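User: Please take a close look at a single part of this model. Walk me through it in one connected answer.

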Amino acid sequence: MRAKATWRGVRDDETGGIAAPERARRADLYGKMTVMHRIVVDAMGGDHAPDEIVQGAAEASLALTGSEIILVGDAGELGRLLPRMRHDGARVRVHHAPTFIEMDEKPAEALAAKPDSSIAIAADLIARGEGDALVSAGNTGASVLACARRWTLLQGVRRAALAAVFPTELRRGEKDDPFSLILDVGATIEATAEDLVGFAVMGSAYAKLVSQNRRPRVALLSNGTEAGKGPPSIVAAHAALVETTELNFIGNIEGLDIPRGVADVVVTSGFTGNVVLKMLEGVSETVVRLARYAHKERLTWRLGLIALSSAIDQLKAITDWQQYGGAPLLGFTTPFIKAHGRSNARAINNAIRVAHKMLAGNLCGNIARTMAELDERNHRRPRTHGDVASESGAGS
């Protein structure tokens, strides 16, 4: 294939893959490192793209010695921005994408109209084996759809899940992490019992790696804590998870248990999870508005808020979502971190760091191994009368 020079002078082929001699040279340059984690970043996605995205990538390049960052977007624009920012030129390169998808565009229509958009090309690079992980702060629906159409699910995983983090009353793990994980929040609207078990496995593996929580507490979100509460999919998933020794399954929890931090990983369908997530965000915004109202209305309230200012600042620091990076899309053979649409450089930097940690910790491999162990155990489980009756239709 005909080679061409990029703006940075690194010779790539027309698919954007870096030449083997150049990759080998970089491996030699960094001594013991033999494989560079190639993290593809959608540089045009997000409310503050491309400036904040490029800045975050530039900062990450200085810290992550084992990763190469591929910025996908308008090469002319990115080529003007990057030289102004302090970065490691050996670990950052640009792959051209002439268009991008706006935050308010309809995902399916936008992807059909813009096959050369930054998120589509970024997902393609991963699918062709020219990248190892993806980070985007762009249109969530378009990002998830672009990956779903191009990527391969892990063996044993039926449906992918988009996870989200939320601050809770309790801390967890070696990092004293205040965030819990909830999945799915929109990738799989209707989830079967088998899907929910897969979500539990994926969420637990992620919490172990990113929060350094050795045995995260996993729970199903339901309308009661009893094993028989909830729709059939929840009841069946509960029965399956109770027998799963690979997970620290604590049973069902209710909505009020989420902010209390009763569980480290909350498992639900994409429909319910998205509703819960929006409700939590709405409550948070309402509390902030009420505080502003109180500050304006009465002097005594204003004095009270001033007295609490240091505690409020500490709470903001503890629950700052930007330090977490973003939400993982789990279930594919490749990691994807969906950063918040309002992400600044700090959030993008942290999202890239999380993607690097997922690769270095072999998250996808760990999920696949646990799913295989569950599948093997289920095949070894003695068949009961109920199983036979169900298969024959006599149980109705």
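Analyst: Gln212 sits in the loop that joins α7 to β9 (217–221). Helices here are DSSP runs of H or I with at least four residues, strands are runs of E with at least two, and both are numbered from the N terminus. Gln212 is not a glycine, yet its phi is positive, about 55°. This is a predicted model, in which local features need pLDDT of at least 70 and side-chain atom pairs count only at pLDDT 80 or more, while totals for chains, interfaces and linings use all residues. Residues are numbered from 1 along each chain as its sequence is written, and side-chain values use heavy atoms, with hydrogens and water left out.

The loop between β8 (177–183) and α7 holds Asp184. The peptide bond from Leu183 to Asp184 is cis, with omega near 10°.

Next, the packing of α7. The axes of α7 and α8 cross at roughly 50° and come within 8 Å. Axes are lines fitted to C-alpha atoms, for helices over the stretch in contact, and angles run from 0 to 180 degrees between N-to-C directions. α7 and α8 are therefore oblique to each other. Under 35 degrees counts as roughly parallel, over 145 as roughly antiparallel, 65 to 115 as roughly perpendicular, and the rest as oblique. α7 brings Ala193, Leu196, Val197 and Ala200 to the contact, and α8 brings Ser233, Ile234, Ala236, Ala237, Ala240 and Leu241. Contact means heavy atoms within 4.5 Å. By class, that contact has nine nonpolar residues, one polar and no charged. Nonpolar covers Ala, Val, Leu, Ile, Met, Phe, Trp, Tyr, Cys and Pro; charged covers Asp, Glu, Lys and Arg; the others, Gly among them, are polar.

α7 also packs on α13, at an angle of about 105° with axes 10 Å apart. The two helices, α7 and α13, are therefore roughly perpendicular. Tyr206, Leu209 and Val210 of α7 meet Val354, Lys357 and Met358 of α13. Five of these residues are nonpolar, none is polar and one is charged.

α13 (residues 345–360) has a further partner, α2 (residues 51–63): their axes come within 7 Å and cross at roughly 50°. That makes α2 and α13 oblique. Their crossing is right-handed. Among the contact residues are Glu52, Ile53 and Gln55 of α2, and Ile348, Asn349 and Arg353 of α13. The α2–α13 contact counts seven nonpolar, three polar and three charged residues. Pro50 lies in the loop between β3 (37–42) and α2. The bond from Ala49 to Pro50 is cis, with omega near 0°.

A pocket is an open set of points on a 1 Å grid over the protein atoms alone, where a 1.4 Å probe fits, with protein on both sides within 12 Å along at least five of seven lines; lining residues have an atom within 4 Å of a point. Of its 17 lining residues, Glu194, Val197, Leu374, Asp375 and Asn378 are the closest to the centre. α7 (193–210), α8 (232–242) and α14 (363–380) each give two or more residues to this lining. α14 has the largest share, seven residues. Eight lining residues are nonpolar, four polar and five charged. Val197 is one of the residues closest to the pocket centre, and Val197 is also in the contact of α7 with α8.

How values were computed: A crossing is left-handed if the near helix is turned anticlockwise from the far one by less than a right angle, and right-handed if clockwise.
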